[in-house]
Amino acid sequence: MRIKTKLNLGVGLLFLLIIILTLVSAFYIFSIKKDTENILKANYNTLEYSRNMLLSLDEINSNKENAIVTFKENLQKQTQNVTEEGEKKGTDNLMKNFALLEKNSSDESLKMQIRQDIFEIMKLNMNAIKKKSDIAKHTAETANLWIAIVGTLCFLIAFNLLINLPNNIANPIKELTLSIKEIANKNYSERVHFTNHNEYGDLAKSFNTMAQKLEEYNSSNLYKLFFEKKRLETLINNMHDPIIGLDQEGVILFVNDEALKIIGMKSEDVIGKSASTLALSNDLIRSLILKELATDSQKKQPLKIFANGKESYFDKEKINITITPTGEEKEINIGDVIILRNITLFKELDFAKTNFIATVSHELKTPIASIKLSLQLLQNTKTGDMNDDQKQLVESIKDDSQRLLKITGELLNLSQLETGNIQLNIEKSNPYAIVNYATEAVKVQADQKQIKLIIDADENLQNVKADSEKTGWVLINYLSNAITYSSEKSTIIIKLKEEKDQIVFQVIDTGKGIDARYKDKVFDKYFQIPGSQKSGTGLGLAISKEFIEAQNGNIGVESNLGLGSTFWFSLKV
């Protein structure tokens, strides 16, 4: 039987019994009330009339007129209240005898007869009262019996519902709850066994079907794939770097919490949406999905984004995801992953370092200049003669001060580049003049090692768009390094040529060359090739790269170990 049917039958039966109890109670109460009213109306009133007539009869001798009037009124009421058997006959005799008494009010025998008639009527009504009282008592007893029977039935049914109904409802729910907990604990073999053909039976059937499907799903590869997908999503979400994944159509597949924070959007507003569409209303997404237009040689600038309550710096890394489908050889593109690496801390440290270097370099230039002035005074013959040892010491101090001045100059240039304060004077410059200026600047250094500087320049070269001072500095740095790492009495070639609307400056030496492992690092700040003499700061080539790229030029090196090196840069005409 259905649970709903059981509830309807139980509660309906209880409701019906309550209605029956109410009707039985109302019926018997009405019956008792009717019996009581019948006694009051039919018998008690007659006794009251009879008592008044007896009193009036006693007063006939003293107050005849009032007594007769009172007697007549009560007798008239009595004639209208005849209800018992034999009462009419007694009432008629009373009326006949009272009529005789009116004619002869002194007849005591008539008075006695009238009293007997009244007593007879009173006796009839007294007996009727007793009889009706017994009937009312019997009615009350019957009412108590039926009310008790119906009330007991209501109690038994209600008690039965109280004991059985909660268990019938709660026990299956309890069993189902335990089974659900087992399913939640991945015990998909759990089943519910309800044999009743009711709602719980239907629920058990549906639950068992679900458990069976879950068991099949858990045993399938789909579950494993889904589990790994959840694991991957959790790992991505717990990463501190913002990550955005797109498919090959540019639709956003996943965004971790860090990325949502910086783009200022909710997950449901991003996932499944086209990045191009979102870029129309979100500047950050637009900057993230833009194709890289810069060439490999151009410096990639970090993104400046307001995050974590301050301006933050992020390095954008875009990883193209490709797969080789099963049974095929050609790779296909399935999307991209954009990773933003937070480099704010390193950027802040870099700013602090740059400011420190700029301050220290600037402060060092003044005392170094004073040292050089003092050396010039010492070398002046007017100051006094020096012996050979003193001259050697002065020359040593002069070389060291010159080297310090070069280092401080490099550090100042570096700090200007890093802070963006470098001032370029781009104009049409003569490439021949730049080369001549550089060779003249290093001529003394080359002569000390008897190194020959040869200029190999094409004729009729066009002017270049360049800052001649900064470009000359780069060429001087190239030549100084070439002289430093070349052997004595060797040759350095400065080559000048035009290629594709660009003027190419090359410095070719015959030194020991650069190991292939270090060619990509020679332009990094502070890098020095292992095993080389530590005469500089490792900043010259880094500054040269910054100077050339700031003029929209290109820079590089070609070298083989043991075969010398060719450092070059090119500028647009």
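Is Glu-73 buried, partly exposed or exposed, and what is its relative accessible area? In this predicted model, Glu-73 is partly exposed, because its relative accessible area is 49% and the exposed class begins over 50%. Glu-73 sits in helix 2, which covers residues 64-79. Its C-alpha atom is separated by 8.9 Å from that of Tyr-49, a residue 24 positions away along the chain.

Let's move on to another residue for comparison. Phe-155 belongs to helix 4, spanning residues 108-184. Phe-155 counts as exposed, because its relative accessible area of 54% is over the 50% cut-off. Here are the two residues side by side:

Together with Leu-145, Trp-146, Ile-149, Leu-153, Leu-156, Phe-159, Leu-162 and Ile-163, Phe-155 makes a nonpolar surface patch of about 900 Å².

Now for the inside of the protein. Searching the whole structure turns up 1 cavity of 30 Å³ or more, and the volume of the largest cavity is about 30 Å³. Its lining is made of Ile-244, Leu-246, Ile-252, Ala-275, Ile-285, Leu-288, Ile-289 and Ile-338. By class, that comes to 8 nonpolar residues, with no polar and no charged ones. Strand 1 (243-247) and helix 9 (283-289) each contribute at least two lining residues, and helix 9 gives the most, with 3 residues.

Definitions and conventions:
Residues numbered from 1 in each chain as written. Predicted model: local features only at pLDDT ≥ 70, side-chain atom pairs only at ≥ 80, totals over all residues. Heavy atoms only, no water. 1 Å grid on protein atoms, 1.4 Å probe; cavity = no way out; pocket = protein on both sides within 12 Å on 5 of 7 lines; lining within 4 Å. Points joined across faces, edges and corners; volume = space filled by probe spheres on them. Helix = DSSP H or I, 4+ residues; strand = E, 2+ residues; numbered from the N terminus. Nonpolar A, V, L, I, M, F, W, Y, C, P; charged D, E, K, R; others polar. Patch = residues over 30% accessible without salt bridge, like charges linked within 9 Å, V, L, I, M, F, W, Y side chains within 5 Å. Areas by Shrake-Rupley, 256 points an atom, 1.4 Å probe, with all protein chains shown as cover. Salt bridge = Lys/Arg side-chain N within 4 Å of Asp/Glu carboxyl O. Buried < 20%, exposed > 50% of the residue type's maximum accessible area, 1.4 Å probe, protein only.
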